[in-house]
Amino acid sequence: MLTLTPKKRACLEKVSQNGIISALAFDQRGALRKMMANYQDSTPTREQIERLKSLVSEELTKYASSILLDPEYGLPAVDVKDKHSGLLLAYEKTGYDAKTTSRLPDCLPEWSVKRLKEQGADAVKFLLYYDVDGDEAVNRQKQVYIERVGSECQAEDIPFFLEILTYDENIADNNSTAFAKVKTHKVNGAMAVFSDPRFGVDVLKVEVPVNMHFVEGYAADKVLFTKEEALKAFQEQDTSTNLPYIYLSAGVSAQLFQETLLLAHEAGANFNGVLCGRATWSGCVQVYMEKDEKAARDWLRTEGFRNIDELNKVLKKTATPWEDKIL
């Protein structure tokens, strides 16, 4: 089980509600620019990005236990979030070098954990791309890098959320059937690696261990896994770590993400909440770009609220408190 300092525990309490982390993720940068660029001829401006983040923060944090933002475009959104909502700030550079298979991590050069804490962060999030079967020298570099971030967070006495996105160095498309067949091994194996106390991780933010688009009863086309096989994947995931862990939505629809959480609960997975982004707010982007702020705000107050309210109801039925995993 995890041991927390009193300050770290207090910070985790700020970003959760009754031990459940129902966090809104809006630290997207490169991906967000691409989404916004689909609806206009020019690259989105800094002001457009900052305003959209602020709108989402202002309208939806009253329904979330916390929000994850980036310090590059998200700081204005910090000022308008609900006062009862906690704050996580991202520490990594956006994206990776697509020309290589290593996907080495890098911090934002103008930021440190100390500086993120000074901006009001209750926790620090770092994103790592990891192939558990990848090149040993590359994986060693990644492990050393996470040790550094973990040490920084320990020095500042602030919770460290590690987000792990898995991949295979030899499979280009993570949505392919080829990757679906190895995803359970990739996700659960990476979680086991970074649950080692040497990395100083307090909460893992992870993918679900199976591609739901290929699961019996959920698949739109090809079925690769029975429901029983999917349940087993969630059970194996739960035994792969002793740390609190939360799910990311990975851009799937709000409905499918909610159904996924119900399946995880059916499997007996003791997950501790979500850090959910696009499944909640992505529909707002087109409205914001093609219409105006008022239309975007109206969307957030209706569709956006519905997405997050339905998710919160599912979480009450499925997630377990992180306190159960703390000494």
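Predicted model: local features only at pLDDT ≥ 70, side-chain atom pairs only at ≥ 80, totals over all residues.
1. Cavity count and volume. The structure contains 1 cavity of 30 Å³ or more. The space in the largest cavity comes to about 50 Å³.

2. Lining residues. The largest cavity is lined by Ser22, Ala23, Leu24, Val274, Cys276, Thr280, Ile308, Leu311, Asn312 and Leu315. Two or more of the lining residues come from each of strand 1 (21-26), strand 8 (273-276) and helix 13 (293-318). Helix 13 gives the largest share, 4 residues.

3. Sorted by class, 7 residues of the lining of the largest cavity are nonpolar and 3 are polar, with no charged residues.

4. Burial of strand 6. Strand 6 spans residues 203-206 and is covered on both faces. Val203 and Lys205 are buried on one side, and Leu204 and Val206 are buried on the other.

5. Neighbours of strand 6. Strand 5 (residues 160-166) pairs with strand 6 in the parallel sense, over 3 bridges. Lys205 in strand 6, one of the buried residues, is the bridge partner of Glu163. Strand 6 also runs parallel to strand 7 (residues 245-248), and 3 bridges join these two strands. Here Val206 stands opposite Tyr247 of strand 7.

Key:
Residues numbered from 1 in each chain as written. Heavy atoms only, no water. 1 Å grid on protein atoms, 1.4 Å probe; cavity = no way out; pocket = protein on both sides within 12 Å on 5 of 7 lines; lining within 4 Å. Points joined across faces, edges and corners; volume = space filled by probe spheres on them. Nonpolar A, V, L, I, M, F, W, Y, C, P; charged D, E, K, R; others polar. Buried < 20%, exposed > 50% of the residue type's maximum accessible area, 1.4 Å probe, protein only. Pairing = 2+ DSSP bridges.
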